[in-house]
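This report describes a single protein chain for a reader who has not seen it before. The sequence and the structure come first, and the description follows.

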Amino acid sequence: MAEDSDQEKTEAATPKKVEEARRQGQVPRSRELNTLVVTLTASLGLWIYGHSFVASLSDLMRRGFTLTKEQVYDPLWLVRMFRELVLTALWDLTPLLLMLVASAIVAPLLIGGWSFSMESLGFKWDRMNPLEGLKRMFNSHGLKELGKTLLKFTLMALVGFWFLRRYSETIVVLGRKDLFTAVGEVGDLLTWGFVVLAIALAVVAIGDAPLQLWEYAQGLKMTRQEVRDEVKEMEGRPEVKGRIRQLQREMAQKRMMTEVPKADVVLTNPTHYAVALKYDIDKMGAPRVVAKGADLVAKRILEIAEKGKVLQVIAPALTRALYYSTELNREIPQGLYQAVAQVLAFVYQVRKGKPAPGPNAFDDVPIPEKLRR
């Protein structure tokens, strides 16, 4: 029972799941909202350009129906006139057509945003299976779309019937008016007709857009196990992370070991700890720890220091204090300045050929109590 409930898709989709869905072309879309935007754009376009278009149409009709006897019997003139009228009509319609094209492109971006996916353009064999097509038609989503289509058709039919009945007398009277006046009034009727249809479509779109967003979120829901697997995949599985950390440590140690031959001195415990110090008075404010380690790493540091002829100094208390208080490639704390200064002074004396003290010469260097280990 617990296993079955764990497999229920009750968790909201993670950002990674949403991004993968977008790459596959799965984004929320509302066809009703798209239709509403295009219809509103058509209404706006007719309201802005309607009078100029009607005037242009009237002029085209006047030029097209005003013919002389010679022009009627001249086939070439008729062809030229037809081409000129068509090009003029298309030019006059260009602003409205551009508005409609722009609205058809922008409308889908209102919910879901821009999405271009090559995966969704790929050929899928299951789309060729008629049985799969029937399943898509008669599943819950298909029935919902059918219900919305019937609702929209019914609403449009009722609104259209009301509009025609409301302006029936105006439409009947158009036949008694001259052609150019009738064309102008038809343009006004078309404009208001689009506005009324847009208002009716808004009723459907207002309910459909949130529904599409909700269905999209429901379709992307994940099981708890899927969420856990994704978290592991993003953060890395423990064994992989452990291996990565091991490799990082090995790389850091290799870089650290290359700095040992450049050190001024290596302080040792002498068996458990080793700390390599470097001090450049022109570039550093204080001596810096360039390498440190315990046990096997300390042994390796001492071996490299011996090969590189770096002076080794036995200072158990100071070595432990430096090991625990100073990070790699960091300057030593101020409390250890005096102790390290004594060691560096000894190193400079040795470099000048003066005799070195015994191995326990630095057992009593001053170390603050809070830095002792």
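The protein has 15 helices and four strands. The model is a predicted one. Of its 373 residues, 30% count as buried. Among contacts with a separation of 6 or more, 75% are between residues 24 or more positions apart. The accessible surface comes to about 24800 Å², and carbon and sulfur atoms account for 63% of that surface.

Leu44 belongs to helix α3, which covers residues 31-65. Together with Trp47, Ile48 and Tyr49, Leu44 makes a nonpolar surface patch of about 440 Å². Leu44 has a relative accessible area of 42%, so it is classed as partly exposed.

Ser103 is in helix α5, residues 75-106. Its relative accessible area is 5%, which means that Ser103 is buried. Leaving aside residues up to four places away in sequence, Ser103 touches Val37, Val38 and Thr41.

**Aromatic rings**

A pair of aromatic rings is described by the distance of the centres and the angle of the planes. The model holds four aromatic pairs. One of them joins Phe163 and Tyr167, with 4.8 Å from centre to centre and 45 degrees between the planes, and this pair is tilted. Phe163 is buried, because its relative accessibility is 12%. Tyr167, at 24% relative accessibility, is partly exposed. Arg166 lies over the face of Tyr167, 5.1 Å from the ring centre.

Elsewhere, ring pairs link Tyr273, Tyr323 and Tyr324 into a cluster. Lys292 lies over the face of Tyr323, at 5.1 Å from the ring centre.

Tyr324 is part of helix α14. This helix spans residues 316-325, and its buried residues include Pro316, Ala317, Leu318, Thr319, Ala321 and Leu322. The cover over the buried residues of α14 includes the strands β1 (265-268), β2 (273-278) and β4 (312-314), as well as helix α15 (337-351).

Is Tyr324 itself buried or partly exposed? With a relative accessible area of 42%, Tyr324 is partly exposed. Not counting residues up to four places away in sequence, Tyr324 touches Tyr273 and Arg373. Tyr324 and Lys292 are 32 residues apart along the chain, and their C-alpha atoms are separated by 9.8 Å.

**Salt bridges**

Side chains of opposite charge can pair when their charged atoms come close. The count of salt bridges in this model is three. The table gives the distance for each.

| Residues | Distance, N to O |
|---|---|
| Glu259 and Lys262 | 3.7 Å |
| Arg288 and Glu331 | 4.0 Å |
| Arg300 and Glu303 | 3.5 Å |

In the salt bridge of Glu259 and Lys262, Glu259 is partly exposed at 27% relative accessibility, and Lys262 is partly exposed at 46%.

The side chains of Arg288 and Glu331 also meet in a salt bridge. This pair links distant parts of the chain: Arg288 is in strand β3, Glu331 is in the loop between α14 and α15, and 43 residues separate them. Arg288 has a relative accessible area of 27% and is therefore partly exposed. Glu331 is partly exposed as well, with 36%.

Where do Arg300 and Glu303 lie, and by about how much of a helix are they separated? Both are in helix α13, and because they are three residues apart there, about one helical turn separates them. Arg300 is partly exposed at 39% relative accessibility, and Glu303 is partly exposed at 32%.

**Backbone angles in two loops**

Most residues other than glycine have a negative phi, and most peptide bonds are trans. Asp295 is not a glycine, yet it has a positive phi of about 55 degrees. Asp295 lies in the loop between β3 (288-294) and α13 (296-307). At 46% relative accessibility, Asp295 counts as partly exposed.

Lys309 is not a glycine either, and its phi is positive, at about 60 degrees. The loop that holds Lys309 runs between α13 and β4. Lys309 has a relative accessible area of 77%, so it is exposed.

Technical notes: Residues numbered from 1 in each chain as written. Predicted model: local features only at pLDDT ≥ 70, side-chain atom pairs only at ≥ 80, totals over all residues. Heavy atoms only, no water. Phe/Tyr/Trp six-rings, centres within 6.5 Å; stacked < 30°, edge-to-face > 60°. Buried < 20%, exposed > 50% of the residue type's maximum accessible area, 1.4 Å probe, protein only. Lys NZ or Arg CZ within 6 Å of the ring centre and 35° of its normal. Contact = heavy atoms within 4.5 Å. Areas by Shrake-Rupley, 256 points an atom, 1.4 Å probe, with all protein chains shown as cover. Patch = residues over 30% accessible without salt bridge, like charges linked within 9 Å, V, L, I, M, F, W, Y side chains within 5 Å.
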